[in-house]
Amino acid sequence: MSDKSNKYGYVGEDIPEQSFGNNKGVFNPAEINELVADNKWTTFGQLELIDTQTISSATANFTSLSESTYNVHLFTLSDLVVTTQTEFGLRVSDDSGSTYEITNYQFANQRGFASGTFDERKSTSQASIRLGGDVTTATNSVFNGYVYMYNAGDSGKYTFFTSHNTFMSGTTQAFEFGSGVYAVASTINAIQFGQGILSAFSSGTISLYGIRYS
Amino acid sequence: MATNLEFIKSASGTSVSSLSVTDCFSDKYDVYLLDLPKMDSNGASYINLRFLKASDGLPDTTASYDSAGLIMRTNAAFGENRYTGQTQFVNSFGSVDGGSYNNGGTFIIYNPFSSSSYSFLSAQMASYWAGDLGWKSIGVHKVAQSNSGIQIIVNSDYIQASIYGVR
């Protein structure tokens, strides 16, 4: 219980505290707007779209992460097309995308082909975090998957990634999943996706979501 | 078809040996997403888990947990951990070092509240322990009982968990 002002349909009584999942009273539009702004209004749908980029011959640069709002981010990668046989990857930036880091990455991935071998892909020195390859330029050879990012907004901790992707390598389907880290304690406020290490790709769509209350 | 991710609750702990997320499973959802966005260990250890029984809210310590994990390493060949008939999901869902790195990961939990089926987990973690960077894991709780929560067992300087229903 809080102050004695008239609010949320209560008159001359103690006013209930409001919070997500615990809204009590009768609300007018202004009160709802106020609670939404204070992140105290219960609305389900905690996968919140931040940005979608449809790429044509460019890297995909996400320069507004709302990293102070979300501890966990989700990227969805849809029908990415390369210009030559190569891999997809990402880089991080701590200066809002003015520059993207080229050191201090590590990754460890498991790759498998539907009609071939399974193998390990790992590095402690590559200038990007690998997501999957070898993607080819054959017809219908596209790259799809998702990437989770953890703790981008924590200036005192590393930023971690997990991913699981599938793609065509020639006429063979492949998967690659794994984990990566940018092993520097800093606030990450922009992410760049691209082919190779790391350049523009031909086309595709990448969306960025924040997971609220994570 | 799942169309929404609905926040249920968060929990956190400082200087704890385990974190229980209580009363988070119900008949409202069949599938849950558990995010562990922040986990600072105070020593090298695995991340283990148990279900909390709906009947009394206590951890189920019966030997009914099977699990398997692929360990993806940056500095050595990948490894496999697999266990059956354990008293918790043991040594299969991540390994953390004593540094404050903020390890992270996501679990998908299937049918934990159903009293007529086993409960299943799948997970992917990014953690930091001597080159053991990534884990891809599965687990099953081989008891057809209703569980109301989950306990994360790891010695932590700080740990935070959020759980969502998938609707």
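Contact here means heavy atoms within 4.5 Å. By that criterion, select the two sides of the interface: 38 residues from chain B and 40 residues from chain A take part. This is a predicted model, in which local features need pLDDT of at least 70 and side-chain atom pairs count only at pLDDT 80 or more, while totals for chains, interfaces and linings use all residues. Residues are numbered from 1 along each chain as its sequence is written, chains are lettered from A and ligands numbered from 1 in the order in which they are written, and side-chain values use heavy atoms, with hydrogens and water left out.

**The interface**

The size of an interface is often given as the accessible area lost when the parts come together. Buried area is taken as the accessible area (1.4 Å probe) that two parts lose on being put together, summed over both. Between chain B and chain A it is about 2900 Å², with carbon and sulfur atoms giving 60%.

Next, display the charged pairs across the contact. A salt bridge is a side-chain nitrogen of Lys or Arg within 4 Å of a carboxyl oxygen of Asp or Glu. The count between chain B and chain A is 2 salt bridges; one of them joins A:Asp154 to B:Lys38, whose closest N and O atoms are 2.9 Å apart. There are also 20 residue pairs in polar contact between chain B and chain A, both residues being at pLDDT 80 or more. A polar contact is a pair of N or O atoms within 3.5 Å; within protein, one must be able to donate a hydrogen and the other to accept it, and residues adjacent in sequence count only if both atoms are side-chain atoms.

Which elements of chain B each supply at least two residues of the side that touches chain A? They are β1 (5–21), β2 (31–41), β5 (65–73), β8 (104–110), β9 (119–126), β10 (132–141) and β11 (147–166). Helices (H or I, at least four residues) and strands (E, at least two) are DSSP runs, numbered from the N terminus. The largest share of this side, 6 residues, comes from β2(B).

**The nonpolar cores**

Now move to the interior. In soluble globular proteins, nonpolar side chains tend to be buried together. A nonpolar core is a set of buried Ala, Val, Leu, Ile, Met, Phe, Trp, Tyr and Cys residues joined through side-chain atoms within 4.5 Å. Buried means under 20% relative accessible area, exposed over 50%, and partly exposed in between (1.4 Å probe, protein chains only).

The largest nonpolar core has 31 residues, and those with the most contacts inside it are A:Phe75, A:Leu77, A:Leu90, A:Ile191, A:Phe193 and A:Ile206. Apart from it lies another core, of 30 residues, including B:Val21, B:Phe51, B:Ile159 and B:Ile163. Return to A:Leu90: beyond four places in sequence, its contacts include A:Val147, A:Phe161 and A:Leu198.

Another cis peptide bond joins A:Gly133 and A:Asp134, with omega about 10°. A:Asp134 belongs to strand β7 (residues 129–135) of chain A, and a network of salt bridges links A:Asp134 with A:Arg111, A:Asp119 and A:Arg121. A:Asp119 counts as buried because its relative accessibility is 17%, whereas A:Arg121, at 28%, counts as partly exposed.

**Around α1(A)**

At the start of α1(A), a side-chain oxygen of A:Asn28 reaches to within 3.1 Å of the backbone nitrogen of A:Ala30. After the helix comes A:Asn39, whose phi is positive, near 65°.

Finally, select B:Asn48, in strand β4 (residues 48–53) of chain B. Is this residue buried or exposed? At 10% relative accessibility, B:Asn48 counts as buried. Its side chain reaches the backbone nitrogen of B:Asn91 at 2.7 Å. B:Asn48 is also in contact with B:Gln88, which lies in the loop between β6 (79–86) and β7 (95–96) of chain B. B:Gln88 is likewise buried, at 17% relative accessibility.
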